[in-house]
Amino acid sequence: MRTSNAHRIGSIDPKNVVDEYRNRALRELSDAEIFDQICAIVARPRVRGLTSFTLHAPLEVMARYGLMRFVEPSDRELARLQMVASAAVYGHQVDLMPAPARVYPFPDANTAAGELTSAFTSGDADGMETLVLSVASQFGTKSLVNLLTPLALPTLTGASHSHIGLWLLLRHAEPAGVENASLLRAAVRALAADPTGQMKSFQGMSIEGTQRLKTPPEQVCKETLDKLANPAKGTLGGQSIRELVEAGEKTGNVDTLFGDFIHHDLSQPQIDAAFRAVLRVSAHSMLQHDLEQAKFGWSHCLTLPQSAFGLSSVTTDRKLALAAALVWIMAYRSVLSDRALDLSWHPQPIKDASVLEALQTSPAGRLPRLAGA
């Protein structure tokens, strides 16, 4: 962070963001400087644990900053204002933890990995938070992501969102520094708070296999689509993502349908083919099922596997990313879906619609107007 611009976003009244943006001359700061200052606010975890807001706020600002380069120049100030508004609300509403201590440099990355795993398995949230920032500072964000990914993918803590933060951080590439990595503070604390709160599928996510799978990638994709289209249904015991995943695991569907597959030695093309099927089913589920479940249900059915696929591009254990994605999507298909997917279905094309209209309205809302035209 550039010290000359430090604290220019701090203590902004969330009811007066536009005027404060102007009065504090935030227009003079670059996007990176704006983001660095927002990180210093939103990265600080809540003293009394996660809420939905404090869980998603770091992910939101990372995602918005990553999309900033695609925003038209005429809309950039609005996009920046939204990021500042998120930081203002967070700083105004959240009882923040202080900055963690730092540790001495590690002799090598293997030592850092061992200490990180030890802190995780012992449930040392303070220690793990400190280690994560130290690893990011010494070895860079890509190394940090590689170390945390095997811990984050199978977890049920933090609404299974920690790997989304890793993927968003990775998209900023190596220029992302320790200030950006600090946005993972709440996520790693959630990981360490319940180290045994992990998926139980695939024999506790023990997925090593030595026998090569002979099925061609095209057939892997087709079989995965068929298995996910309409699995046996379970019962949702609660409304949280963790409860949904646990209900999905209780059906045994993912082990029954994919246990033999995931315990083979899979080639990279076979893993890619299975991921293609998972992401296709995720998209179809969002479009074909109950809209009331879209915001908190089918949207997560899309973003959880999507982030796992993104991480699989850098992690040495791509099959773990695929296994976690299969658990998530099978849980949603087993618990929330009310009918089989029609994978040949295509939404009715709407002609002459602008991108803005497509984002703000649904085809259902536009069809009567078209019929009467």
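Guide: We start with a term: a salt bridge is a side-chain nitrogen of Lys or Arg within 4 Å of a carboxyl oxygen of Asp or Glu. This is a predicted model, where local features need pLDDT of at least 70 and side-chain atom pairs count only at pLDDT 80 or more, while totals for chains, interfaces and linings use all residues. Residues are numbered from 1 along each chain as its sequence is written, and side-chain values use heavy atoms, with hydrogens and water left out.

Visitor: How many salt bridges does the structure hold?
Guide: The structure holds 17 salt bridges.

Visitor: What does Arg-242 pair with?
Guide: Arg-242 forms a salt bridge with Glu-246. Their closest N and O atoms are 3.2 Å apart.

Visitor: Where do Arg-242 and Glu-246 lie?
Guide: In helix H13, residues 241–250. They are 4 residues apart, so about one helical turn separates them. Helices here are DSSP runs (H or I, at least four residues), numbered from the N terminus.

Visitor: Which residues do shared partners join into one network?
Guide: Asp-126, Glu-129, Arg-185 and Arg-189, through salt bridges.

Visitor: New topic. What does Arg-27 pair with?
Guide: Glu-77, with the closest N and O atoms 2.7 Å apart. Arg-27 is in the loop between helix H1 (17–23) and helix H2 (31–42), and Glu-77 is in helix H4 (residues 76–93), so the pair ties together parts that are 50 residues apart in sequence. Arg-27 counts as exposed at 51% relative accessibility. Glu-77 is partly exposed at 31%.

Visitor: On to H12. Which of its residues are buried?
Guide: Val-220, Cys-221, Thr-224, Leu-225, Leu-228 and Ala-229. They cover an arc of only 160° around the axis, so they sit on the same side of H12. That arc is taken from the directions from the helix axis to the C-beta atoms.

Visitor: What covers the buried residues of H12?
Guide: The cover includes helix H14 (253–262), helix H15 (268–288) and helix H17 (318–335). Contact means heavy atoms within 4.5 Å.

Technical notes
Buried < 20%, exposed > 50% of the residue type's maximum accessible area, 1.4 Å probe, protein only. Helix = DSSP H or I, 4+ residues; strand = E, 2+ residues; numbered from the N terminus.
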